[in-house]
Amino acid sequence: MKDLSGREPDRHIGTAHAGPVAFTAATDRTRVLGMAMIAGGVLFLLRWLGLGDRIVWPVLLVGAGAVVAWQTDHVEVVLSGTERRLAIARVAGGMLLVGSGLAAVVSVSFSAARDGIFATMVVLAGAGLIFGPWIWSLANELTAERQARIRADERSQVAAHLHDSVLQTLALIQRQSSEPGTVALARRQERELRGWLYDGPIGVEATDLRSAIRDAAAEIEDMHRVRVEIVVVGELELDEAGTALVAATREAMVNAAKWSQADEIAVYVEIEPALISVFVRDRGVGFVPADIGMDRQGIANSILDRLDRVGGRAEVTSEVGEGTEVRLFLPRVVNSNTNGE
Amino acid sequence: MVNDMDDKPISVVLVDDHALFRAGVRAELVDSRLEVIAEASDVAEAIEVIAARQPDVVLLDVHLPGGDGSAVIAAIADEYPDVSFLALSVSDAADDVIDTIRAGARGYVTKSIAPDELAEAVVKVAGGDAVFSPRLAGFVLDAFSRDAPDPAHPELDRLTPREQEVMRYLARGYAYKEIARELTISIKTVESHASAVLRKLQLTSRYELTSWATRRRLV
């Protein structure tokens, strides 16, 4: 889930994995086999002890019930509809078998009281075997769920508090401090706090265009003491061309930060089905496009080169005193193979 | 609405729970066209002050003790339709901002806005125009481009090509004046496009607008 809002429980605070661990199919089969062998062993043991069929068969039934019901003890937090129905059916089957066993035991005549008591104990032990792990895991699961909920509540309270206090204060400092170092520091703190509250952690390699541009902008804000305001419409997983576009955007931002003397850079990214457009704009000093110096030419080239390789193009418009806008366009490769000849 | 803009400055009420922030904004709004006549720090106080003073514009923080900005608008809008609201927020929580707009705010700006731009935004809102921050414009583009419009109200669920163009420029950080020049149309026309989009944002039946905005943390 990439787009959890700050209001929801967050992934990087650690999702509490609910109690029971799902068994793999292989261990499941092994276990069923084991249960069958134990049941068989008990059967022979009872025969050997000289107990009659009246005891042996109920015990067998209980054993079978246990095998069936044991398979339900790995009920996960989330079960699909079919899985849930299946689980219910298994438990019901197990209970039916245990019930039959009990009925058989009860029907044993009182003259065989000794056998009866023994059989009852066996049945009780069986029931414990069947339901014990299930009840245990259910309790664990509930505890884990409650803990996760408490954690999420606490987190959203902390987020709301930080939002109403710290973010406000940081905004205030940026508005009212005339000390550029302080403003830059407050800006960085704001960005990191926002990142923690609303986005993924900073410092992890971005895999989508939005985060990648955000990260590049963060770097430039720190290096050049400008604000970079980013607006992104649409979503895109980064591929090779996307990475090149991010690099070109970064160059354009560096360019604006270095040359424009503006204190804010506006970046707008629009991802459309056939085209990605990036606009990097400042309201700085601007320049006459005809007499761009070598340095700027060099930077323009580094933007153009990066885009050229992936089939994109770039435009620069600038006016002295009005500012500069760099526009980057990257056509998306539309998969038209399926459209036949 | 402002009738005698030349004679009387636009009256403004500041609603924000941070006294320092109000003081800062008050100091910045030194503009002959504007006059800050009162302040309030929570929902109840805001409702009381606005009803008593009936300002032209309320600068309204989205998050307030005792409720949200939308609660203030809800309590005031019906009785005092001439009071305009401009949401001013540090919020990144899209649902709050969208709720405030849908409650009737004429615009949304972030607290990082430059003082002169803030004054300009207040003047615009007082004149009945809409104010879009780049983020809000981006949100509108994203929200309205995604799927087919509601067939029952297609006119509310779709942006015209011109409106879309205006929103794109706003998202790129262009001012109305600059957009007018780029599109070679009058500023008035740009403003009426923006107002039309605001109306659509407030009235559209795109029912999941808010939750969707939250998911995408767009505003």
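Helices here are DSSP runs of H or I with at least four residues, strands are E runs of at least two, and both are numbered from the N terminus. Walking along the sequence, the pattern reads α-α-α-α-α-α-β-α-β-β-α-β-β.

Before you click further, know that this is a predicted model, where local features need pLDDT of at least 70, side-chain atom pairs count only at pLDDT 80 or more, and totals for chains, interfaces and linings use all residues. Residues are numbered from 1 along each chain as its sequence is written, chains are lettered from A and ligands numbered from 1 in the order in which they are written, and side-chain values use heavy atoms, with hydrogens and water left out.

Now show the surface of chain A. It comes to about 18900 Å² of accessible area, with 62% belonging to carbon and sulfur atoms (Shrake-Rupley method, 1.4 Å probe; for residues, only the protein chains shown count as cover). Of the 341 residues in chain A, 41% are buried. Buried means under 20% relative accessible area, exposed means over 50%, and partly exposed is in between (1.4 Å probe, protein chains only).

Next, select A:D164 in helix 4 (residues 113–176) of chain A. What does A:D164 touch, leaving aside its neighbours within four places in sequence? The contacts are B:H18 and B:H63, where contact means heavy atoms within 4.5 Å. A:D164 counts as partly exposed, at 29% relative accessibility.

Time for some salt bridges (a side-chain nitrogen of Lys or Arg within 4 Å of a carboxyl oxygen of Asp or Glu). Pick A:R187 and A:E221, whose closest N and O atoms are 2.6 Å apart. This pair links distant parts of the chain, with A:R187 in helix 5 (residues 180–198) and A:E221 in helix 6 (residues 209–224) of chain A, 34 residues apart. Both A:R187 and A:E221 are buried.

Then jump to B:E178 and A:R283, a salt bridge with its closest N and O atoms 2.8 Å apart. B:E178 sits in helix 9 (residues 176–183) of chain B and A:R283 in the loop between strand 3 (275–282) and helix 8 (294–308) of chain A, so this pair joins two chains. Buried or partly exposed: which is B:E178? B:E178 is buried, with a relative accessible area of 9%, while A:R283 is partly exposed at 41%.

Stay in chain B and look for the sheet. Six strands form an open sheet in the order 2-1-3-6-7-8, with parallel pairing. Strand 2 (34–40) and strand 8 (131–132) of chain B stand at the edges, each with a single partner strand, so one side of each has no neighbour in the sheet. Zoom in where two bridges join strand 7 (residues 107–110) to strand 8 of chain B; strands count as paired if DSSP finds at least two bridges between them. One thing to click there: B:Y108 has B:F132 in strand 8 as its bridge partner.

Last stop: helix 6 (residues 134–145) of chain B, which has twelve residues and reaches 16 Å from its first C-alpha to its last, close to the 16 Å expected at 1.5 Å a residue (the expected span is 1.5 Å times one less than the number of residues). How many of its twelve residues are buried? Nine are, so to speak, under cover, including B:L136, B:F139 and B:F144.
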